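Colleague: I would like to learn how to read a model of this kind, feature by feature. Please give the general idea, then the case at hand.

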Amino acid sequence: MRYKIFIINLARSPERYQQALAQLAQWPDLPVERIDAADGRAMSAADIAQYYSASANQRLHYKTLKAGEKGAFISHIRCWQQIVAQQLDFALILEDDFLVDGDLPALLSAIAAVPTPWHLLKLAMPNKQQKIIASSPGAPFQLVHFQKNPISAVAQAVSLAGAKLLLEREVPFGRPVDVAMQYSWQLGFQAMGLWPLIFKPDLGFDSTIAGKQNDQVKRSVFYWRRLEFIIANLWHNLKTYGPKALLRARKWPNSRGSTRLSN
């Protein structure tokens, strides 16, 4: 099975790439490729407009995206494009502020052995813990279905079919990349991951996405978008898993990737 590890990294942040490589140093034979991150602050409006839609932003989100958020999404698009161009079976896509705490080769083997067709596997959950609605037995990693995809795009696996689907459904984009991934039913795949989650972000680096937000958050739109999401996500889970599974959904302890603290 053909795969690569893509590390998204800005050209102006070489120290972050070296730190990322240090995280993988104990596995020198892994196929790692640096993906030149899009610098949303330096890109022209015309270049951004090839990927970003202001009308989609108004339709799908509750605030105008910051330049860093646009650059982050375009960076992930570049990864999906490379999966297709190189005809990889899948890629492990990492943002350059990741920490890994676990057996990465075993995780890659588990990804390659997932028995059902898949598009995207979330491999980090640094913020709010999400409930698991279904799981399949396995060791050392279990395939799990989240009640909703965890927020954060620091670590995920994307298959060839997933890359094609994301490029078809999310370009041009109008919301942050990790938010887009939460709308799994719109994208046409299940919210899945491999447990335990062995990745988390390193808070020792400043965010390259955060920045001054000129436009105020439209609170009424925010609450309406949130209500829409809750209803649509609930309906999707009821249709897919049934009410009993939804009632049994629980948060699983994940000592490796649940903390946002840097090592």
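The dialogue below goes through the sheet, a helix, salt bridges, backbone geometry and a surface patch.

Colleague: What should I know before reading any values?

Modeller: This is a predicted model, where local features need pLDDT of at least 70 and side-chain atom pairs count only at pLDDT 80 or more, while totals for chains, interfaces and linings use all residues. Residues are numbered from 1 along each chain as its sequence is written, and side-chain values use heavy atoms, with hydrogens and water left out.

Colleague: In what order do the strands form the sheet?

Modeller: Strands of a sheet pair through backbone hydrogen bonds, either parallel or antiparallel. Helices (H or I, at least four residues) and strands (E, at least two) are taken as DSSP runs and numbered from the N terminus. Two strands count as paired if DSSP finds at least two bridges between them. Here eight strands make an open sheet with mixed pairing, in the order β2-β1-β3-β8-β5-β9-β7-β6. Its edge strands, β2 (32-36) and β6, each pair on one side only. From one strand to the next the twist averages 30 degrees. Axes are lines fitted to C-alpha atoms, for helices over the stretch in contact, and angles run from 0 to 180 degrees between N-to-C directions.

Colleague: In which sense do β1 and β2 pair?

Modeller: Strand β1 (residues 3-9) pairs with β2 in the parallel sense, over five bridges. One of the residue pairs is isoleucine 8 with isoleucine 35, its bridge partner in β2.

Colleague: Which strands does α1 touch?

Modeller: Contact means heavy atoms within 4.5 Å. Helix α1 packs on the sheet and touches β1 and β2, its direction making about 145 degrees with that of β1. Leucine 21 is a residue of α1. Leaving aside neighbours within four places in sequence, leucine 21 is in contact with Ile7 and Val32.

Colleague: Is leucine 21 buried or partly exposed?

Modeller: Buried means under 20% relative accessible area, exposed over 50%, and partly exposed in between (1.4 Å probe, protein chains only). Leucine 21 has 30% relative accessibility, so it counts as partly exposed. Its C-alpha atom is separated by 39 Å from that of isoleucine 230, 209 residues apart along the chain.

Colleague: How many salt bridges are there?

Modeller: A salt bridge is a side-chain nitrogen of Lys or Arg within 4 Å of a carboxyl oxygen of Asp or Glu. By this rule the count is seven. Among them is aspartate 96 with arginine 16, whose closest N and O atoms are 2.9 Å apart. Aspartate 96 lies in the loop between β3 and β4 (98-100) and arginine 16 in helix α1 (residues 14-23), so this pair ties together parts that are 80 residues apart in sequence. Both aspartate 96 and arginine 16 are buried.

Colleague: How far apart are the closest N and O atoms of arginine 34 and aspartate 36?

Modeller: In that salt bridge they are 3.1 Å apart. Arginine 34 is partly exposed at 31% relative accessible area, and aspartate 36 is partly exposed at 38%. Another salt bridge joins arginine 169 and glutamate 168, with closest N and O atoms 4.0 Å apart. Arginine 169 is partly exposed, at 40%, whereas glutamate 168 is exposed, at 56%.

Colleague: Now the backbone. What do most residues and peptide bonds look like?

Modeller: Most residues other than glycine have a negative phi, and most peptide bonds are trans. In this model the peptide bond from alanine 139 to proline 140 is cis, with omega near 0 degrees. Proline 140 sits in the loop between β6 (132-136) and β7 (142-146). Tryptophan 195 and proline 196 are also joined by a cis peptide bond, with omega about 5 degrees. Proline 196 belongs to the loop between β9 (192-195) and β10 (199-201).

Colleague: Where is glutamine 87, and where is serine 152?

Modeller: Glutamine 87 is in the loop between α4 (67-85) and β3 (90-95). Though not a glycine, glutamine 87 has a positive phi of about 50 degrees, and at 44% relative accessibility it is partly exposed. Serine 152 lies in the loop between β7 and β8 (155-159). Serine 152, not a glycine either, has a positive phi of about 115 degrees, and its relative accessibility of 11% makes it buried.

Colleague: Which residues form the nonpolar patch on the surface?

Modeller: Patches are made of residues with over 30% relative accessible area and no salt bridge; like charges are joined within 9 Å, and nonpolar side chains (Val, Leu, Ile, Met, Phe, Trp, Tyr) within 5 Å. Accessible areas come from the Shrake-Rupley method with a 1.4 Å probe, and for residues only the protein chains shown count as cover. Trp224, Leu227 and Ile231 form the patch, with about 320 Å² of accessible area together. Isoleucine 231 is in helix α9 (residues 219-241) and is exposed, with a relative accessible area of 52%.
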